Amino acid sequence: MKTFAMIKPSCIVYSTEVEAAIIAAGLRIETSAEVRFTREMSEEFYAEHKGKPFFEGLVAMISSAPVRVYCLSGENAIQVWRDLIGPTNPNKGKEDQLRRKYADAEAYAAGSPDNGFHGSANPEDAEREIDLMRKWQFL
Ligand code: ATP
Ligand code: MG
């Protein structure tokens, strides 16, 4: 099984630690790249959230600086990566989950959309997101 993972701009400095956690969890890094999303790419990537109050801030944040994208594989990869990063709100994660460990929890609590990491929610989303990366020649 494959999944799509992304380190958002604020957490890209932790790429080495994050990759160690990926390997330790038994996943395989198939491909990886440091890339920059345009505003249009961010809007397409997050199209499901269009109209939500955090959409504009989310699109601005993702396109503000480079991100690191990954195609990961392994048994149950979607759930394994989502368990590694933890819940959407970093403050609600367990201590060793990546969003809790590396994202700016105070900023998120104050309304920032930046929780440091993304992971596909299900196999259809994983396929769609990996296909987008191929279309943009990022992966
Ligand atoms: P992701 O899709 O990035 O892995 P997720 O599936 O946990 O995260 P979604 O509900 O899909 O969460 O939201 C997508 C992204 O939008 C979140 O990761 C976060 O960056 C931002 N976001 C979601 N809800 C909020 C909120 N209430 N306030 C601010 N930002 C939010
Ligand atoms: Mg999501």
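Visitor: Let's start at the ligand. How far does a polar side-chain atom of His-49 lie from an oxygen atom of ligand 1?
Guide: That distance is 3.0 Å. Keep in mind that this is a predicted model.

Visitor: And Thr-88, what's the distance there from its polar side-chain atom to an oxygen atom of ligand 1?
Guide: For Thr-88 it comes out at 2.5 Å.

Visitor: Which residue brings a polar backbone atom to an oxygen atom of ligand 1?
Guide: Pro-113 does, at 2.5 Å.

Visitor: How much of ligand 1 does the protein bury?
Guide: The protein buries 78% of the 570 Å² that ligand 1 exposes when taken alone.

Visitor: How many residues surround ligand 1, and which are the closest?
Guide: There are 15 around ligand 1. The closest are Lys-8, Thr-88, Pro-113, Asn-115 and Gly-119.

Visitor: OK, switching to helix 7. How far apart are its end C-alpha atoms?
Guide: They're 18 Å apart. Helix 7 runs over residues 123-135, and at 1.5 Å a residue its 13 residues should span 18 Å, so the two agree.

Visitor: Which residues of helix 7 are buried?
Guide: Asp-125, Ala-126, Glu-129, Ile-130, Leu-132 and Met-133. They take up an arc of only 150 degrees around the axis, so they sit on the same side of helix 7.

Visitor: Why would residues three or four places apart point the same way?
Guide: Because an α-helix has 3.6 residues a turn.

Visitor: What's exposed on the other side of helix 7?
Guide: Glu-124, Glu-127 and Lys-135.

Visitor: And what covers the buried residues of helix 7?
Guide: The cover includes strand 1 (2-7), strand 3 (67-73) and strand 4 (117-119), along with helix 2 (39-45) and helix 4 (77-85).

Visitor: What goes on at the start of helix 7?
Guide: A side-chain oxygen of Asn-122 comes to within 3.2 Å of the backbone nitrogen of Glu-124 there. Just after helix 7, Gln-137 has a positive phi of about 55 degrees.

Visitor: Back to Glu-129: buried or exposed?
Guide: Buried, because its relative accessible area is 3%, and the cut-off for buried is under 20%.

Visitor: Which side chain does the side chain of Glu-129 make a polar contact with?
Guide: That of Ser-120, at 2.6 Å. Leaving out residues up to four places away in sequence, Glu-129 touches Phe-4, Phe-45 and His-118 as well as Ser-120.

Visitor: How far is the C-alpha atom of Glu-129 from that of Tyr-46?
Guide: The separation is 9.8 Å, with the two residues 83 residues apart along the chain.

Note on methods. Residues are numbered from 1 along each chain as its sequence is written. Chains are lettered from A and ligands numbered from 1 in the order in which they are written. This is a predicted model: local features need pLDDT of at least 70, side-chain atom pairs count only at pLDDT 80 or more; totals for chains, interfaces and linings use all residues. Side-chain values use heavy atoms; hydrogens and water are left out. Helices (H or I, at least four residues) and strands (E, at least two) are DSSP runs, numbered from the N terminus. The expected span of a helix is 1.5 Å times one less than its number of residues. Buried means under 20% relative accessible area, exposed over 50%, partly exposed in between (1.4 Å probe, protein chains only). The arc is that of the directions from the helix axis to the C-beta atoms. Contact means heavy atoms within 4.5 Å. A polar contact is a pair of N or O atoms within 3.5 Å; within protein, one must be able to donate a hydrogen and the other to accept it, and residues adjacent in sequence count only if both atoms are side-chain atoms. A residue is near a molecule or strand if one of its heavy atoms lies within 4 Å of it. Accessible areas come from the Shrake-Rupley method with a 1.4 Å probe; for residues, only the protein chains shown count as cover.
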